[in-house]
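Take a moment to turn the model around on your screen before reading on.

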Amino acid sequence: MIVVASLLEKPPNFGHLMRTLSNYKCTTLVVPTALMLREQECLEVYNEQPLTAVVEVKEKDMLSYLSVQKQRGFSIVALEQATKSVPLEKFQFPKRCILVLGNERLGMSSETIDMADHLVEIQQFGKVRGLNVHVSSVLFLWAYQTSFA
């Protein structure tokens, strides 16, 4: 599992992701800049040696990165509320999977959505429009791991 977080901006979310990924055996975290992982707000959440490889891919290069990964046999899964999204609990996970996370405020572009092989959403039953990106990633990664248990 590779998690692409190139669209994220907030340092605490990177800290939470690093902690989560180390618990769910993810191989790679893609970030817009590794400097983000040294920000104080990130380190307050996670300051251990990463168990996950970190790769830098800036937002402007993300679609190219995803295209290369598709050619290598990965399926691109965008975690996004969209009209064609499949509820997480009904999704059949591909083994070679890349999870793309949207920006905390803006979500993801239509180009990113079009690049995805699958759109997945976490159904909600309250008034809030979306979950925190870290919470969403935890739910997705748990569902992914348990689908292959």
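This is a predicted model: local features need pLDDT of at least 70, side-chain atom pairs count only at pLDDT 80 or more; totals for chains, interfaces and linings use all residues.

| Pocket | Volume | Lining residues | Classes in the lining |
|---|---|---|---|
| Largest pocket | about 560 Å³ | 23 residues | eight nonpolar, nine polar, six charged |
| Second largest pocket | about 190 Å³ | 13 residues | five nonpolar, four polar, four charged |

If you want to find the largest pocket, look for E80, N103, E104, G130 and L131, the lining residues that lie nearest its centre.

For the second largest pocket, the residues nearest the centre are L7, E59, G107, M108 and S109. Here the elements that supply two or more lining residues are helix 3 (62-71) and helix 4 (110-115).

**A closer look at helix 3**

Helix 3 deserves a visit of its own. Its residues M62, Y65, L66 and Q69 are buried. Why do they sit on the same side of helix 3? They cover an arc of only 95° around the axis, and that puts them on one and the same side. There's a handy bit of background here: an α-helix has 3.6 residues a turn, so residues three or four places apart point the same way.

And what do the buried residues of helix 3 pack against? Their partners are strand 1 (2-4), strand 2 (28-31), strand 4 (75-79), strand 6 (97-101) and helix 4. After helix 3 comes G73, and its phi is positive, near 100°.

**What about the cysteines?**

A disulfide is a covalent bond between the sulfur atoms of two cysteines. How many disulfides does a search of the whole structure find? The count is zero.

Take C26: the closest cysteine sulfur belongs to C97 and is 9.3 Å away, which is too far for a bond, because a disulfide needs the two sulfurs within 2.5 Å. Seen from the other end, the closest cysteine sulfur to that of C97 is the one in C26, again at 9.3 Å and too far. Are these cysteines buried or exposed? C26 has 4% relative accessibility and counts as buried, and C97, at 0%, counts as buried too.

Terms used. Residues are numbered from 1 along each chain as its sequence is written. Side-chain values use heavy atoms; hydrogens and water are left out. On a 1 Å grid over the protein atoms alone, a cavity is a set of points where a 1.4 Å probe fits but cannot get out, and a pocket is an open set with protein on both sides within 12 Å along at least five of seven lines; lining residues have an atom within 4 Å of a point. Grid points are joined across faces, edges and corners, and a volume is the space filled by probe spheres set on the points. Ala, Val, Leu, Ile, Met, Phe, Trp, Tyr, Cys and Pro count as nonpolar, Asp, Glu, Lys and Arg as charged, and the others, Gly among them, as polar. Helices (H or I, at least four residues) and strands (E, at least two) are DSSP runs, numbered from the N terminus. Buried means under 20% relative accessible area, exposed over 50%, partly exposed in between (1.4 Å probe, protein chains only). The arc is that of the directions from the helix axis to the C-beta atoms. Contact means heavy atoms within 4.5 Å.
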